[in-house]
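Please open the structure in a viewer and keep the sequence beside it. Each stop below names what to select and then describes what is found there.

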Amino acid sequence: MQTTDTTLSPVTDLAEPEWVFTEAWIDPMLSPPYLLLLLCNEAGHCQIHDPAEGYKAIFSSANYEEAQLWLSEDEYERVDGRLLAKEAFRE
C-alpha cells in the first residue's frame with residue numbers, strides 16, 4: 001500500500017519579512033531590460049534573485065558591497081529607489 005505524506009509545508013510569515021530592503025537592477029542593453037532583485041537582511045547578508053527563474057537566488061554575499069560589485073561587473077544598473085520592508089508591510 002502506498003502512503004502519502006500530508007504534512008504541511010512551513011509557511012513564511014508574510015507579516016515579518018526576512019529582508020530589510022530590496023532593490024531592482026536591470027541590464028539596460030537588452031530590450032526589454034533584464035531584471036534582477038537584490039534583497040538584504042538585518043545582518044547585512046544579500047541575495048540576488050532572478051524573477052525569470054521563479055525568483056531563484058542566483059548569488060549570495062556577506063554584504064551589500066559584494067552584491068553591488070557582482071551586479072556592476074555584469075553591467076547591471078540600479079533602478080532609482082529602494083523598497084524598505086517596514087514600508088511595504090505597514091498595516
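**First stop: Asn-41**

Select Asn-41, which is placed in the loop between β2 and β3. The model on display is a predicted one. At 28% relative accessibility, Asn-41 counts as partly exposed. Show the residues around Asn-41: apart from neighbours within four places in sequence, its contacts are Glu-18, Trp-19 and Val-20. Next, display the side chain of Asn-41, where a polar atom lies 3.0 Å from the backbone nitrogen of Ala-43.

**Second stop: helix α1**

Remain at Asn-63 and look towards the helix. Which end of α1 does Asn-63 cap? Asn-63 caps the N-terminal end, with a side-chain oxygen 3.2 Å from the backbone nitrogen of Glu-65.

Now select Tyr-64, Ala-67 and Leu-71, which are buried residues of α1. They lie on the same side of α1, because they cover an arc of only 70 degrees around the axis. An α-helix has 3.6 residues a turn, so residues three or four places apart point the same way. Turn the view to the other side of α1, where Glu-65 and Glu-73 are exposed. To see what covers the buried residues of α1, colour the strands: the cover includes β1, β2, β3, β4 and β5.

How many aromatic pairs does the structure hold? There are two aromatic pairs. For one of them, select Phe-59 and Trp-70: the ring centres are 4.8 Å apart and the planes are at 15 degrees, so this pair is stacked. Phe-59 belongs to strand β4 and Trp-70 to helix α1, so the pair ties together parts that are 11 residues apart in sequence. Trp-70 counts as partly exposed, at 22% relative accessibility.

Move on to Arg-82 and show its side chain. The charged end of Arg-82 sits over the ring of Phe-21, 3.7 Å from the ring centre. The charged end of Arg-82 also sits over the ring of Tyr-64, 5.4 Å from the centre of that ring.

**Fourth stop: the backbone**

Most residues other than glycine have a negative phi, and most peptide bonds are trans. The next selections concern the backbone.

- Select Glu-75, in the loop between α1 (64-73) and β5 (77-78). Although Glu-75 is not a glycine, its phi is positive, near 65 degrees. Is Glu-75 buried or exposed? Glu-75 counts as exposed, because its relative accessibility is 53%, and the cut-off for exposed is over 50%.
- Select Tyr-55, in the loop between β3 (46-50) and β4 (56-61). Tyr-55 is not a glycine either, yet has a positive phi of about 60 degrees.
- Select Pro-32, in the loop between β1 (21-27) and β2 (34-40). The peptide bond from Ser-31 to Pro-32 is cis, with omega near 0 degrees.

**Last stop: confidence**

Finally, colour the chain by pLDDT. The mean pLDDT of the protein chain is 85, and 79% of its residues reach 70 or more. Select residues 4-15, where the pLDDT is below 50; beyond near neighbours in sequence, this stretch has two contacts in the model. Where pLDDT is low, the predicted coordinates should not be read in detail.

How values were computed: Residues numbered from 1 in each chain as written. Predicted model: local features only at pLDDT ≥ 70, side-chain atom pairs only at ≥ 80, totals over all residues. Heavy atoms only, no water. Helix = DSSP H or I, 4+ residues; strand = E, 2+ residues; numbered from the N terminus. Buried < 20%, exposed > 50% of the residue type's maximum accessible area, 1.4 Å probe, protein only. pLDDT = per-residue confidence, 0-100. Contact = heavy atoms within 4.5 Å. Polar contact = N/O pair within 3.5 Å; in protein donor to acceptor, adjacent residues only side chain to side chain. Arc of directions from axis to C-beta. Phe/Tyr/Trp six-rings, centres within 6.5 Å; stacked < 30°, edge-to-face > 60°. Lys NZ or Arg CZ within 6 Å of the ring centre and 35° of its normal.
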